[in-house]
Amino acid sequence: MTLQFDVLARDGQARTGRITTPRGSFATPCFMPVGTRAAVRTLDTADLEALKPAVVLANTYHLMMRPGAETVEKMGGIHGFTGWSGHVLTDSGGFQVFSLDPKVDDDGATFRSTYDGSTHRFTAERVVDVQLQLGSDIQMALDVCPPSEAPASVQRQAVDRTAAWAARARGRFFEQDGHAAGANQFGIVQGGIDPALRAESAARTIEVGFDGYAVGGLSVGEPPEQMMAALSATTPQLPEDQPRYFMGLGDPIGLVECVALGVDMFDCVLPTRLARHGTALTWEGRLNMGNSSLATDDRPIDPHFPTSPVARYSRAYLRHLFNVDEPSAARLLTLHNVAWLLALMDAAQEAIANGTFDRLRRRVAEAWARPAESSPG
């Protein structure tokens, strides 16, 4: 069975829908927490079952290094290994590999492991094989992701190699009968902040033909207006009847603005990273637990989000936990931040269905245009 995507409602370009795979179905737009090493930082599988994310991410590079794809496969794939029965998406690991100053040629990339210095090689085919061993429901094709400030010649080469690798990855996926294994495969659009390159990359990726399409290489430090211009040149090129995934985006304004352009899926480490630094996502913007004004604040972490999994605790108590380095502090704030973003996507689904999405955009913009109570640390 191949992935099926049904659009259920539209409000402008924004859309809500349902993705169905052999594992089940889930609603979009959705936010996917990142579990790089087969675990969302500070959370366990029971926490995820309570939070009910549509999909959890894992990282091919890190799992190939430790504990090894063969080990994960022997343990029943990533679902058996982690005890998580929901959907899992594995990225290709390309972003991590390209941060290691690899030796890259038209065939692939050779790099040294950050774990033990050993040498490894990624090719389009190898990455497909590893992800099939991991047993994810959605796997990403290997792409080339240059910095947004890279010169035009580098962006051109990245688009060309990404297109060539996409065709090879798709061929390998079919050769290995990935659909029969319950997997689906997404291609990735590159092109930096050049709208013309973005449109070209989208066309070349669609020509290969994937189960869904991702936008990579954005939200990596470029100004928001450049990111949105590049995305605006991309989404109209992508098929209406297949999912669109923006990789690595988690800030609330960015999420709703990209939903407004027709994006369906998102992931980011932002909610867990902010939590470890004592910062909460709220309808009043970022809330820094280091703020001295919270020392006797008996309000819940976000009075506008009464269903937060940590709503029972006062801001004062959570601040205290961080001040005394209590390990539960990061976990509690992670539970809240992930739940908050999941609830934001639920609100987006409802607003699109009701034709009130612009009202939600204004609410998010107003809340997050305010300065943080203090720096996120």
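Biologist: In which loop does P67 lie?

Modeller: P67 lies in the loop between α2 (60–65) and α3 (69–74); helices (H or I, at least four residues) and strands (E, at least two) are DSSP runs numbered from the N terminus. The model is predicted, so that local features need pLDDT of at least 70 and side-chain atom pairs count only at pLDDT 80 or more, whereas totals for chains, interfaces and linings use all residues. Residues are numbered from 1 along each chain as its sequence is written, and side-chain values use heavy atoms, with hydrogens and water left out.

The backbone at P67 deserves attention. The peptide bond that joins R66 to P67 is cis, with omega about 5 degrees. P29 is placed in the loop between β3 (24–28) and β4 (30–33). As background, most peptide bonds are trans, and most residues other than glycine have a negative phi.

K52, which is not a glycine, has a positive phi near 60 degrees and is found in the loop between α1 (45–51) and β5 (55–59). K52 counts as exposed, at 64% relative accessibility; the classes are buried under 20% relative accessible area, exposed over 50% and partly exposed in between, with a 1.4 Å probe and protein chains only. D325 has a positive phi of about 55 degrees although it is not a glycine. Its loop runs between α12 (315–323) and α13 (328–354), and D325 is exposed, with a relative accessible area of 65%. Another positive phi, near 80 degrees, belongs to G135, which follows α6.

Helix α6 itself is largely enclosed by the rest of the structure, because eight of its eleven residues are buried. These are A124, V127, V128, D129, V130, Q131, Q133 and L134. V128, found in this helix (residues 124–134), is buried with a relative accessible area of 1%. Apart from its neighbours within four places in sequence, V128 is in contact with Q139, A169, R172, F173 and Q185, where contact means heavy atoms within 4.5 Å. For a sense of scale, the C-alpha atoms of V128 and P309 are separated by 37 Å, the two residues being 181 residues apart along the chain.

Helix packing can be described next. Two packed helices are described by the angle between their axes and the distance between the axes. The axes of α8 (residues 195–208) and α9 (residues 224–234) come within 8 Å and cross at roughly 35 degrees; axes are lines fitted to C-alpha atoms, for helices over the stretch in contact, and angles run from 0 to 180 degrees between N-to-C directions. In α8, P195, R198, A199 and A202 meet A230, A233 and T234 in α9. The residues of this contact divide into five nonpolar, one polar and one charged, where Ala, Val, Leu, Ile, Met, Phe, Trp, Tyr, Cys and Pro count as nonpolar, Asp, Glu, Lys and Arg as charged, and the others, Gly among them, as polar. S232, placed in α9, is partly exposed, with a relative accessible area of 35%.

A second pair consists of α10 (residues 252–259) and α14 (residues 357–369), whose axes come within 9 Å and cross at roughly 160 degrees. That makes α10 roughly antiparallel to α14, since angles over 145 degrees count as roughly antiparallel, under 35 as roughly parallel, 65 to 115 as roughly perpendicular and the rest as oblique. α10 passes α14 in a left-handed crossing. The contact is made by P252, I253, V256, E257 and V259 of α10 together with F357, R361, V364, A365, W368 and A369 of α14. By class, it has nine nonpolar, no polar and two charged residues.

Finally, a search of the whole structure finds zero disulfides, a disulfide being a pair of cysteine sulfur atoms within 2.5 Å. The sulfur of C30 is 14 Å from the closest cysteine sulfur, in C258, too far for a bond, and C30 is buried at 4% relative accessibility. For C145, the closest cysteine sulfur is in C268, 13 Å away and too far for a bond; C145 is buried, with a relative accessible area of 15%.

Key
A crossing is left-handed if the near helix is turned anticlockwise from the far one by less than a right angle, and right-handed if clockwise.
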